[in-house]
Amino acid sequence: MRDYVLGLDLGTASIGWAIIDLELDDDGEIGSEIGLRAAGVRIFPEGVNRGPKGAEKPKNVERRTARGARRNRYRFHQRRRNLARILVAAGLLPESEADRQKLWRLDPYVLRARGLDEDLSAHEFGRALFHLNQRRGFKSNRKSGEANANKGMLKEISDLADAIKESKARTLGEYLNEIAGTDRSCLVRGETHLRKRHTLRAMYQDEFDLLWGRQVKAHPETLTDELRQRVADEIIFFQRPLRLQTHLIGQCEHEPQEKRGPKSHWVSQQYRVLCDVANLMIQQANGHERKLSEHERAQATQLLSANDKRTFKQLHKALGLDPDARFNLEQGGRTSIGGNSAEAALLNGIGEKQWLSLTAEAQAHLRELLTECEDEDEMRSNLAEFELKPDAEIKLIAYAGPDGYGHLSLKAMRNLIPHLEAGLNLHEAKKACDYVQIPVVPVETRLPAPPNIRNPVVQSALVEVRKVVNELIRIHGLPYRIVVELAREMKGSVAEREEKSIEMHKRQVEREEVARKLEEEVGIPVPRRADIEKYRLWEDQEGICPYSGRAISQGQLFSSDIEVDHILPRWRSLDDSYLNKVVAFTQSNREKADRTPREWREGLGDYDGMIERISKMKGMPFSKRRKFTQKEIDLDSFVARQLNDTRYLSVAARDYLGCLFEPEDQASRVRVGRGQLTAELRRRWGLNSLLTPFSVQEGEEPPKYRGDHRHHAIDAIVVALSRPGHLKRLAAYHKQKNRMGTRAPAFEEPWEEFRSSVASVIQLILVSHRPRRRLRGPLHEGFFYGPSETQGEYFYRKSVSELTAAMIPKIRDKAVREAVEARLSEFGWQEGKAIPKGSLDDPENPVRMLKGNVPILRVRIRKQIGDPVEFTREGDQTPFRAAISGNNHHAEFLAHTGAGSNGIARVEVVSMIEGARRARRGHEPIIGRKHPDGLQTAYALSIGDSVLIQHPAASQSLLCVIKNMSPTPRFIDICLRDARDARPAGKSKDLYRIVSLKRWNELNVQKVQVSPCGLVHRSGI
């Protein structure tokens, strides 16, 4: 079998693949590419959900949040029940519910204050204990991974502690009782509302100890040590230990036996500081770049090690640099550099003077305690020996630091830190620790399950890569080489991907704003992308030509006097990015020719003037300014970088695919490209016009070529062919084009009739979609409704402040509805109009009943629900609540026995909750086989399933995908979509919306299964 190169274009929800045949010479050595054997596309759901601006949103996050709230509420009520049971048994609460209701009317704050000095009755003390159980205060889950959530309450807790101390109150309860005075209503609303303030668990524990110590004298036989332990340790202050998901933490790449270290640890913080300082470079005013001196490096390390973060301006001032000098890390709008947040927390909490007075052993002990101690009580007891102030103790206990884990273990970082402190860079430090060895990976004949990567986007994609590659190996054998390219959306950490998404959205908004300006101010009716780019460059340069220093007016910008120039010549750098472009006068561009700005201006003797000029352009990014100082362009080095992406996730994908080859061959047999040149090569080879827009509705606007999923396969072809030789020929083409103008020859194709061979293979591609058949996702809307006496009518509760105008007539209780309408009439509201602001959402003046003056907080709303999901209790078939069904799981197409697929008699849509019920019962299949009236299931379809239909305008069947189906089982309503259609849902129309069985049977719909590589098989149920 002939050897081949496998190209993979790996996106967030797609895989394009291509097989390029290789020619063998007489000795069996690999030669050049000779043809395209096959190509295909696999489409699958993305590993995360996306927000309106493209930001990542973890799947099921809403369900987890709601489930967590329900769990916390259940545990709260369970704690109340358990405490009440123990207090009743001990005689501290009445046995009858009626007597307890009378006891609840006592003011608990008065009892908590009196109980410090006076004897309380048994029931009064029980009331005080029960009230302590209601609000237990904040206790830090120091390893919960919710560092940012804890920061906002620190100042409130500290201020409250200071206020209690200044008032000379002994406990929180005594303080609240004092500030309430005679107006006790302020304790449940207004500024002193207890629910509006953050408290510390220790405040309640101290109060409990004082109360118990005083009341044990009055009730020595009742208040035993055993009862105290049960009440305090097992109920009121019991805290479930945090369940650490250690199995989800990856292994260290240099110390495989060790887990990766948390980013919040002092060692991780210091390691990152030293790495950043080692990477710092200073660009001087003359354009030269230099490393930090030994003294500057020590100063920068000292400054960052003692602060959470520092701005580049602060670092610039601390190092005493020239005003025109800049740091290399000031790119992409970055204004600051992170420091050691753990060390900063210690200095801010303890105080610099007291911290410096501690011994080195004590400082090391505090560092380990701050970042490794998981239990709050244990940490508090350890901090006691240092005699810290209360606010300092609060700050240190609440410190959590950055969330997540790094790439290395604490052991590896501890080994690297001394070498980084000695002035070595990271690569040199790794060599000194012998961490540059190539790990031995066992060779596999098929790809195993992918490694556990804490990036859901890449993890989901690698699962599909395994399916595709293993099927290709089964059919075509092991490839000689694999070349893979990752989409930019898949690279970087969660924060980095989030930042990229926000940046892309920001750029889109900027382009839309520029397009508006071009239409209104410049008079360009339909601005092209090139026009928008030209205007943005002009704004970045503040309307100044960087070469001549002359001003460019808005009127000149789109004339022949102004051109877009590549700072570093394109034929020498192959860089066509926005950051390598400026707008300049045509005459200056001609004089510059094929030279870099430095080569050109140094020869004229005014290079320094040009550098000074562009340094004052605030809108020009630092990375672009650096290109003006670059003299040498190493094309070989540039090509090597484009063909080898060394970022973490790219390396992870490379290592995963590398297990198919011997360790010594992995570097040459698996390559991960950076992808900047794929679009350029694709355009030069004439592949952009291969995919013609397909229109399914008359008058529909034709989509761009990327509206067809098969463009991923074309990208994979280019990825597989991206070799150094091709890129060098591309550079030669640009050089030749610049010299010969429009008569430059076309870029050389990889083989004869390359474009036609690609076109013929692309036309044969059947796009594979992964169906969604798993019982995963919300079973219903998650909101429950109460039944009423009327069939199909249900009730739900709504806060008065959340009412809308449409809800007012649907309020169930007449007296409540009249009270709400009376309040709205005071604000001049008319039925059908929007509710006036402030009419129903004023907490100080709530809506009250017309009779009795009782405040109304929540109301019951009527709602008609068709086909609800009803819930019954065991042994009682009467529904006690209902919900609206969520997603559908599948649709069962029923036919008479022997009728075949063309004789569908009925369709039954099975909801997700009904599928879950069938799975839970166990003995019943999720897809029903036999049905009443002599019908049986011919086949079942889920979202993403593939079908063949007889297209009216085509002579052969068309492959389609199920897009959605009716949420109710009473009628058929199924939308099909061409399997090739990649347009967003809001910009494409369904190929067919079928609402009748007659139409379904006329189209001769047949269910098929499309393998990951695009092989079609007839499918059964």
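Q: In this predicted model, what makes helix 1 and helix 4 roughly antiparallel to each other?
A: Helix 1 (residues 61-89) and helix 4 (residues 122-134) pack with their axes 10 Å apart, at an angle of about 165°. Angles over 145 degrees count as roughly antiparallel. Helix 1 and helix 4 are therefore given that description. Their crossing is right-handed.

Q: Which residues make the contact of helix 1 with helix 4?
A: Helix 1 contributes Phe76, Arg79, Arg80, Leu83, Ala84 and Leu87, and helix 4 contributes Gly126, Leu129, Phe130, Asn133 and Gln134. By class, six of the residues in this contact are nonpolar, three are polar and two are charged.

Q: Why is the arrangement of helix 1 and helix 9 called roughly antiparallel?
A: The axes of helix 1 and helix 9 (residues 225-236) cross at roughly 175° and come within 10 Å. The criterion is an angle over 145 degrees, so helix 1 and helix 9 are roughly antiparallel to each other. On the side of helix 1, Arg79, Asn82, Leu83, Ile86 and Leu87 take part, and they meet Leu227, Arg230, Val231, Ile235 and Ile236 of helix 9. The contact of helix 1 with helix 9 has seven nonpolar residues, one polar residue and two charged residues.

Q: How do you know whether leucine 116 is buried or exposed?
A: Buried means under 20% relative accessible area. Leucine 116 has a relative accessible area of 10%, and it is therefore buried. Leucine 116 is found in the loop between helix 3 (108-114) and helix 4.

Q: What is leucine 116 in contact with, leaving aside its neighbours within four places in sequence?
A: Leucine 116 is in contact with Arg170, Thr171, Glu174, Leu210, Leu211 and Arg214. Of these, Leu211 and Arg214 are among the buried residues of helix 8.

Q: How does the reach of helix 8 compare with the span expected at 1.5 Å a residue?
A: Helix 8 (residues 201-215) has 15 residues, and the distance from its first C-alpha to its last is 21 Å, close to the expected 21 Å. Several residues of helix 8 are buried, including Met203, Tyr204, Phe208 and Trp212.

Q: What makes lysine 168 exposed?
A: Exposed means over 50% relative accessible area. The value for lysine 168 is 74%, and the residue is therefore exposed. Lysine 168 is found in the loop between helix 6 (154-166) and helix 7 (172-180). Its phi is near 60°, a positive value in a residue other than glycine.

Q: Why is glutamate 753 called exposed?
A: The cut-off is again over 50%. Glutamate 753 has a relative accessible area of 61% and is therefore exposed. Glutamate 753 lies in the loop between helix 34 (724-740) and helix 35 (754-763). Phi of glutamate 753 is near 55°, which is positive in a residue other than glycine.

Q: What share of the residues in the protein is buried?
A: Buried residues make up 46% of the 1021 residues. The protein has 38 helices and 30 strands. Among contacts between residues at least 6 apart in sequence, 66% join residues at least 24 apart.

Technical notes: Residues numbered from 1 in each chain as written. Predicted model: local features only at pLDDT ≥ 70, side-chain atom pairs only at ≥ 80, totals over all residues. Heavy atoms only, no water. Helix = DSSP H or I, 4+ residues; strand = E, 2+ residues; numbered from the N terminus. Expected span 1.5 Å × (residues − 1). Buried < 20%, exposed > 50% of the residue type's maximum accessible area, 1.4 Å probe, protein only. Axes fitted to C-alpha atoms, helices over the stretch in contact; angles between N-to-C directions. Parallel < 35°, antiparallel > 145°, perpendicular 65-115°, else oblique. Left-handed = near helix turned anticlockwise from the far one by under 90°. Contact = heavy atoms within 4.5 Å. Nonpolar A, V, L, I, M, F, W, Y, C, P; charged D, E, K, R; others polar.
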